[in-house]
Amino acid sequence: GESLASTLDSTVQELTEELLHSFIRQHQPQGITNAAAMVVHAPTMEVLGYVGSADYLNTRIQRFVNGLNARRSPGPTLKPFIYALAIAQGLITPDTLLKDTPLRVGEYQPENFERNFYGPLSATEALVRSRNIPAVALSAQLQQPTLYQFLQQAGLNLPKQESFYGLTLAMGGAELSMEKLMALYGLLANGGELRDLRWLREDCVSGLEPGTCRENKSAPTHLLSPEAAFLVRQMLEANPPPQRSFGVRSFNQESLVAWKTGTSSGLKDAWAIGLAGDLLVGVWVGNFNGTPNRQLVGRELAGPLLFGILEAISQERPQDMTRPLPPPGLKRVEICPLSGALRSSWCPHGKTGWIIPGVSPIKTSA
């Protein structure tokens, strides 16, 4: 006879279900049969919307599989954490120039998704364009923690030893669930602090709206520095919205969205995860039977669905879209965009950028 009160918000849940139904109907001619989506109130990590399958009643699409709990290849969705660790370890700043050129690490020779090279580009550009080679090169330099150690600290409990995955982790070499990815992306919203997803309102203030849970009083687990979390969120906000839209009108251009997409190897999974104000939304599109499809490209397919969900929720349930303030450990300096170093008299035009004093690898442009 005991009743349990979930954190789900009926408006958010219904909107998400309706959009997934409509999305699959529209894309069935292209062989897209299923999708899953999750909506979280980032400061409290309350789960507001949870749709594990686009049509629970449809036996032809393996309806009983929970697409949010299933472990799938996350593609490049882990790249933001490579950059966050590199910033925290003093390897780069958002403006550091990285090489997007042919690379070989031992027997491993990564390739970019488009199989081309851009040459030198800033760390922000490399992340926004999801270039594989700069991410792999950075991952190879990480120490204490490496990407594998970071994921273990976050409770992901990868089944194999680090040597088994090697540098392929940077491009989705280990299978993760959307639930685990959402917890990781919560780090970017909460100053690098790892917070568990909340499913029940037993610890929440009685009678108040979703998003009003009391803060967890247990000792926080900081996996990223506040400075690194803030900078990577800002870097992801430079990612332009998808050109195609889905659902309603395109998302409010005044609202900054920190978002990342991913396409798994073999074109079996399309991912998109976005953070806008207090809202954290994750979308997966694919087929539960693992059938590949050339349409399963994160930016082209999952991105528009992500923005459609964000727009629908913002219209029906206004959110706090304010961005976090910069941590006190950051400093604004003038950067030479041609070198990524401090501007000197030899650099004709400068730009302002963030550094972490005493940590960031900064020198004057020659």
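1. Strand E7 (258-263) gives the most to the lining of the largest pocket, with four residues. In total 35 residues line the pocket, and Pro76, Lys79, Phe113, Asn132 and Thr263 lie nearest its centre. The space in this largest pocket is about 890 Å³.

2. How the pocket is defined, since you'll ask. The search runs on a 1 Å grid over the protein atoms alone; a pocket is an open set of points with protein on both sides within 12 Å along at least five of seven lines, and lining residues have an atom within 4 Å of a point. A cavity, by contrast, is a set of points where a 1.4 Å probe fits but cannot get out. Grid points are joined across faces, edges and corners, and the volume is the space filled by probe spheres set on the points.

3. Provenance, before going further. This is a predicted model: local features need pLDDT of at least 70 and side-chain atom pairs count only at pLDDT 80 or more, while totals for chains, interfaces and linings use all residues. Residues are numbered from 1 along each chain as its sequence is written, and side-chain values use heavy atoms, with hydrogens and water left out.

4. On to the sheet that E7 belongs to. Five strands make an open antiparallel sheet in the order E2-E1-E9-E8-E7, where two strands pair if DSSP finds at least two bridges between them. E2 and E7 are the edge strands, each pairing on one side only. On average, neighbouring strands are turned by 10° against each other, direction ignored. For such angles, axes are lines fitted to C-alpha atoms (for helices, over the stretch in contact), and angles run from 0 to 180 degrees between N-to-C directions.

5. E7 and E8 pair in the antiparallel sense over six bridges. For alanine 258, the bridge partner in E8 is leucine 275. H9 packs on the sheet and touches strand E1 (34-41), E7, E8 and strand E9 (279-286), and the direction of H9 makes about 140° with that of E9. Contact here means heavy atoms within 4.5 Å.

6. Salt bridges next. The rule asks for a side-chain nitrogen of Lys or Arg within 4 Å of a carboxyl oxygen of Asp or Glu, and the count comes to nine. Aspartate 9 and arginine 317 form one of them, with the closest N and O atoms 2.7 Å apart. Aspartate 9 lies in the segment before helix H1 (10-27) and arginine 317 in the loop between helix H9 (298-316) and strand E10 (331-335), so the pair ties together parts 308 residues apart in sequence. Aspartate 9 is buried at 7% relative accessible area, and arginine 317 is buried at 15%. Buried means under 20%, exposed over 50%, and partly exposed in between (1.4 Å probe, protein chains only).

7. Arginine 72 sits in the loop between strand E2 (46-51) and helix H2 (79-88), and aspartate 269 in strand E8 (residues 269-276), 197 residues apart. Both residues are buried.

8. A local pair for contrast: glutamate 237 and arginine 233, with closest N and O atoms 3.8 Å apart. Both lie in helix H8 (residues 226-237), four residues apart, about one turn of the helix. Glutamate 237 is buried at 11%, as is arginine 233 at 5% relative accessibility. Arg233, Glu237 and Arg323 are linked in a network of salt bridges.

9. Threonine 16, in helix H1, is buried at 0% relative accessibility. Setting aside neighbours within four places in sequence, threonine 16 contacts Ala37, Val39, Val51 and Ile309. Serine 139, in helix H4 (residues 132-141), is buried at 10%. With the same exclusion of neighbours within four places, serine 139 contacts Ile82, Leu147, Leu167 and Ala170.

10. H4 itself is mostly covered, with seven of its ten residues buried. Among the buried ones are Asn132, Pro134 and Ser139. The cover over the buried residues of H4 includes H2, strand E3 (97-100), H3 and helix H5 (147-153).

Terms used. Helix = DSSP H or I, 4+ residues; strand = E, 2+ residues; numbered from the N terminus.
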